[in-house]
Amino acid sequence: MLSPERLALPDYEYLAQRHVLTYMEDAVCQLLENREDISQYGIARFFTEYFNSVCQGTHILFREFSFVQATPHNRVSFLRAFWRCFRTVGKNGVFSQYMQGLVPEPPFIPKSMHNQRLH
């Protein structure tokens, strides 16, 4: 369902706000890098799986740090994945200590997202 905010924005602003060009460029690069494998099941299925992984937040797994930093959604997806891996040791600030030890520059998270739960 479309939100009222979405309807108030011009198309190009909405696409820019959601970083659609970033994801399209990445999807095409991934497609070209894996074209032999993709020829087995088709381009439409590839794009479906790619954008499903973006929605689920798994698209950042095994990706370079510059990609993780590229969009707010990527940064939040990284933190969720990191939290799932290390939540058992994440008591009393230990989570942030592990983050600082493993990631040279932890992803910037907008203040509006600081209180969101990561599970």
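The dialogue below takes up the fold, the core, the loops, the cysteines and the pocket in turn.

Trainee: How many helices and strands does the protein chain have?

Mentor: Please note at the outset that this is a predicted model. The protein chain has 8 helices and 0 strands. Read from the N terminus, the order of elements is therefore α-α-α-α-α-α-α-α.

Trainee: What share of the 119 residues is buried?

Mentor: A residue is called buried when its relative accessible area is under 20%. In this protein chain, buried residues make up 27% of the 119 residues. Of the contacts with a separation of 6 or more, 40% join residues 24 or more positions apart.

Trainee: How should I read a nonpolar core, and which residues touch the most other members here?

Mentor: The general idea is that in soluble globular proteins, nonpolar side chains tend to be buried together. The largest nonpolar core in this model has 14 residues, and those touching the most other members are Phe46, Tyr50, Ile60 and Phe78. The elements that give two or more residues to this core are H3, H5, helix H6 (65–69) and helix H7 (72–86). Among the elements, H7 gives the most, with 4 residues.

Trainee: Which residues does Phe46 touch, leaving aside those up to four places away in sequence?

Mentor: With those neighbours set aside, Phe46 touches Ala27, Gln30, Leu31, Ile38 and Tyr41. Asn34 and Phe46 are 12 residues apart in sequence, and their C-alpha atoms are 9.9 Å apart in space. Asn34 itself lies in the loop between H3 and helix H4 (35–38), and its relative accessible area of 28% makes it partly exposed.

Trainee: Is Phe47 buried, partly exposed or exposed?

Mentor: Phe47 is found in helix H5. Its relative accessibility is 21%, so Phe47 counts as partly exposed; the cut-off for a buried residue is under 20%. Beyond residues up to four places away in sequence, Phe47 touches Ala27, Val28 and Leu31. Of these, Val28 is 19 residues from Phe47 in sequence and 8.8 Å from it in space, C-alpha to C-alpha.

Trainee: Is Ser53 buried or exposed?

Mentor: Ser53 also has its place in helix H5. With a relative accessible area of 15%, Ser53 is buried. Apart from residues up to four places away in sequence, Ser53 touches Thr58 and His59.

Trainee: What should I look for in the phi angles?

Mentor: His19 has a positive phi, near 60°. His19 lies in the loop between helix H2 (11–17) and H3, and its relative accessibility of 26% makes it partly exposed. Phe62 has a positive phi too, near 65°.

Trainee: Where does Phe62 lie, and is Phe62 buried or exposed?

Mentor: Phe62 is placed in the loop between H5 and H6. At 86% relative accessibility, Phe62 counts as exposed; the cut-off for that class is over 50%.

Trainee: How many disulfides does the structure hold?

Mentor: To be counted as a disulfide, two cysteine sulfur atoms must lie within 2.5 Å. The structure holds 0 disulfides. Individual cysteines may still be described by their accessibility. Cys29 is partly exposed, at 42% relative accessibility, whereas Cys55 is exposed, with a relative accessible area of 65%.

Trainee: Which residues line the largest pocket?

Mentor: A pocket is described by its space, by the residues around it and by their classes. The largest pocket holds about 300 Å³ of space. Its lining consists of Gln17, Arg18, His19, Val20, Tyr23, Phe51, Val54, Cys55 and His73. The elements that give two or more residues to this lining are helix H3 (20–33) and helix H5 (43–56), and H5 gives the most, with 3 residues.

Trainee: How many nonpolar, polar and charged residues does that lining have?

Mentor: The lining has 5 nonpolar, 3 polar and 1 charged residues.

How values were computed. Residues numbered from 1 in each chain as written. Predicted model: local features only at pLDDT ≥ 70, side-chain atom pairs only at ≥ 80, totals over all residues. Heavy atoms only, no water. Buried < 20%, exposed > 50% of the residue type's maximum accessible area, 1.4 Å probe, protein only. 1 Å grid on protein atoms, 1.4 Å probe; cavity = no way out; pocket = protein on both sides within 12 Å on 5 of 7 lines; lining within 4 Å. Points joined across faces, edges and corners; volume = space filled by probe spheres on them. Nonpolar A, V, L, I, M, F, W, Y, C, P; charged D, E, K, R; others polar. Core = buried A, V, L, I, M, F, W, Y, C linked by side-chain atoms within 4.5 Å. Contact = heavy atoms within 4.5 Å.
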